[in-house]
Number of protein chains: 2
Amino acid sequence: MKAIAVTPGAGVPEVVERPVPEPSPGEALVRICRVGVDGTDYEVIDGTHGGVPDGDDRLVLGHEAVGIVEDANGTALEEGQYVVPTVRRPPAGVETNGYFERGEPDMAPDGEYVERGIVGAHGFMAEYITSPVDCLVPIPAELAQWGFLVEPISITEKAIEHARATRSAFDWRPESALVLGTGSLGLLTTAMFAETLGYERVYCLGRKDRPHPTIDIVERLGATYVDSRETPVPEIPDVYESMDVVYEATGYAKHAFQSIEALAPNGVAALLGVPDDWSFEVDGGRLHRELVLHNKSLVGSVNSNRRQFEAAVDTLAGLPDWLLEELVSGVYGLESVDRAFPEATARVPAAGGSTGSDSDDDTTIKTAVEFTSI
Amino acid sequence: MKAIAVTPGAGVPEVVERPVPEPSPGEALVRICRVGVDGTDYEVIDGTHGGVPDGDDRLVLGHEAVGIVEDANGTALEEGQYVVPTVRRPPAGVETNGYFERGEPDMAPDGEYVERGIVGAHGFMAEYITSPVDCLVPIPAELAQWGFLVEPISITEKAIEHARATRSAFDWRPESALVLGTGSLGLLTTAMFAETLGYERVYCLGRKDRPHPTIDIVERLGATYVDSRETPVPEIPDVYESMDVVYEATGYAKHAFQSIEALAPNGVAALLGVPDDWSFEVDGGRLHRELVLHNKSLVGSVNSNRRQFEAAVDTLAGLPDWLLEELVSGVYGLESVDRAFPEATARVPAAGGSTGSDSDDDTTIKTAVEFTSI
């Protein structure tokens with residue numbers, strides 16, 4: 001079968017041939033339909049995050065997938081059912097551990113998990129995968145075409161759940177939310193605040209010039225686009241308002257600290273980005289005092305569990321069709337896989353020194369690879 | 001009646017004469033027994049925090065009090081009942097607001113409250129006070145002598161409640177706690193982790209030389225004393241272990257950031273200190289990444305509400321007598337009130353240029369002023 005694999009650091013993914021996997025007892029064989037591409041994939045391609053399975057020199061990419069059960073293999077799943085696989089698995093050679101037993105692999109520390117398509121286990125960019133059935137989340141057929149968005153939505157489901165938890169010791173009534181970042185995760189989260197979470201006032205911060213499709217999406221959602229070049233995060237309370245929730249999806253480390261200044265009293269900032277080391281100066285006294293005197297909270301969040309995938313399926317059903325159509329800027333077959341990775345191919349100079357693929361325009365929001373049409 | 005008042009910035013409190021207050025309907029008249037002194041009092045004395053009531057130029061100090069109901073004034077309280085007053089009240093001229101109605105004045109933002117003895121309202125260092133009865137928390141007579149510790153304990157009750165809340169979205173099983181600070185709040189909190197909260201391993205960080213009574217207290221509690229001069233906070237995971245909870249009670253702004261490095265995966269740091277502005281460099285990328293990839297949280301916490309005062313009464317009952325005896329290094333009557341404020345009097349050079357009171361030795365832990373013996 002065909003799969004998309006990468007030698008971390010090589011800078012480009014490639015189509016490879018691999019044997020069709022065979023399901024073990026308790027596993028199903030899934031025929032993959034579509035797999036989304038996100039920033040983590042680029043980090044894996046560049047070799048700055050994740051890693052290959054022991055004994056292998058390449059990693060099959062892909063952690064945002066939707067597929068169809070091809071062989072239920074005696075499990076309770078039905079053949080023909082669309083499913084979304086979760087990402088974390090116990091480490092190689094380990095049956096399970098407390099985090100997996102409790103249904104909370106997302107809370108497992110380093111060494112207690114691998115992540116399919118990211119670190120230590122092959123991913124979902126292949127014609128077929130096998131998976132334990134408790135890691136396969138059913139999705140209705142009418143949502144299947146967008147099923148590769150369930151994983152990123154589940155990331156926000158978890159982050160919001162944890163952010164709410166931080167405020168559960170008192171009667172918290174949030175009305176305003178600020179999303180930092182206009183990437184696909186930022187836009188999906190902006191849509192969730194505006195459409196399914198019922199926030200009254202939603203803001204999304206980016207650094208794009210008008211006209212731009214992402215700004216159009218933000219505004220069609222009824223949210224306010226904030227240009228960080230005009231209004232840096234610490235100035236947002238003066239120019240707009242202070243925020244009950246800040247959701248950071250930029251990986252820009254200064255945002256983690258500036259978010260404290262953007263928060264209203266009793267607010268919470270959820271941090272999602274994974275920046276590299278970067279030293280800079282902060283007014284640590286002021287930030288510390290702000291956190292204390294105004295009962296503010298910061299919470300970091302990574303990965304998501306099955307329950308959050310299930311919530312994400314419900315959320316996906318509640319998002320408007322126009323949003324999903326606008327958000328997914330391209331779905332590409334294996335014959336044009338380079339167009340699904342515009343940022344990777346763009347970094348490889350083409351013959352003659354040009355900058356490569358024409359799909360690397362600034363309007364790409366979210367791409368996916370299609371293995372089987374839905 | 002006698003009261004202890006301060007002109008903020010004057011550097012020393014003074015004994016003043018004031019009229020005995022008369023209770024309004026719904027209020028009781030309370031005869032004050034003892035009032036504790038803490039770091040906030042010194043900030044008020046120095047004029048760096050808090051402020052006088054409108055139209056006044058002096059503030060009666062004191063927010064950690066225990067007294068006895070002298071006149072129940074037709075309320076449900078019984079005369080002779082020992083009580084501890086809570087600290088926050090609605091702003092002058094305001095009957096109530098949503099925060100007070102919900103029993104959560106500790107979550108009120110600036111302008112929605114005053115604090116007795118700290119900002120905008122006279123405190124409890126007086127022979128008599130009046131208070132609405134819903135701001136008076138009963139305490140058993142046998143605990144009354146230590147009743148002025150209920151307010152600081154309630155501060156920790158709230159902080160721990162909020163810290164736990166941040167971890168309530170998953171199955172969190174904390175075992176290790178690190179308290180930053182060997183002041184009275186740090187020692188009380190160390191005692192709570194060790195004695196009433198059931199943590200298996202408790203650490204308390206300070207910068208005192210052995211032998212020292214605070215180190216003796218830490219060790220008698222079964223906790224480990226960490227000298228920050230030998231083991232700075234970021235090195236604690238290597239030298240001791242990474243911590244499920246960090247509780248910051250130093251007001252040292254770098255600790256707010258270093259605590260992220262001391263935390264175990266899925267850990268939470270509760271921040272209590274109120275530092276001044278102070279700019280310094282941090283590896284913000286590393287700290288941001290740590291928060292995200294290991295699901296860590298920071299939560300600021302200020303003040304406390306009636307429910308947390310009630311929990312603090314129960315906690316006080318569970319603390320060993322030896323601890324309270326050791327912790328309270330002096331209770332002083334009005335005739336030697338300067339000894340209750342050793343840090344204030346020490347900063348005023350005595351005639352001849354000596355450094356003042358002999359009570360300013362380094363072994364003072366917690367003092368209180370006594371108005372009426374118990």
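Visitor: Over how many bridges do β5(B) and strand β6 of chain B pair?

Guide: This is a predicted model, in which local features need pLDDT of at least 70, side-chain atom pairs count only at pLDDT 80 or more, and totals for chains, interfaces and linings use all residues. Residues are numbered from 1 along each chain as its sequence is written, chains are lettered from A and ligands numbered from 1 in the order in which they are written, and side-chain values use heavy atoms, with hydrogens and water left out. Strands are DSSP runs (E, at least two residues; helices are H or I, at least four), numbered from the N terminus, and two strands pair if DSSP finds at least two bridges between them. Strand β6 covers residues 82–85 of chain B, B:Gly67 has B:Val83 as its bridge partner there, and the antiparallel pairing of β5(B) with β6(B) counts two bridges.

Visitor: Which residue in β5(B) is the bridge partner of B:Leu29?

Guide: Strand β3 (residues 27–36) of chain B pairs with strand β5 (residues 64–71) of chain B in the antiparallel sense, over seven bridges. In β5(B), the partner of B:Leu29 is B:Asp71.

Visitor: Which are the edge strands of the open sheet of three strands in chain B?

Guide: The sheet has antiparallel pairing and the order β2-β1-β4. Strand β1 (residues 2–6) is joined to β4(B) by two bridges, and B:Val6 is partnered by B:Leu59. The strands that pair on one side only are β2 (14–17) and β4 (59–60) of chain B.

Visitor: At what angle do helices α3 and α4 of chain A pack, and how is it classed?

Guide: Axes are lines fitted to C-alpha atoms, for helices over the stretch in contact, and angles run from 0 to 180 degrees between N-to-C directions. Under 35 degrees counts as roughly parallel, over 145 as roughly antiparallel, 65 to 115 as roughly perpendicular, and the rest as oblique. Helix α3 (residues 150–166) and helix α4 (residues 184–196) of chain A have axes 10 Å apart and pack at about 55 degrees. That makes α3(A) relative to α4(A) oblique.
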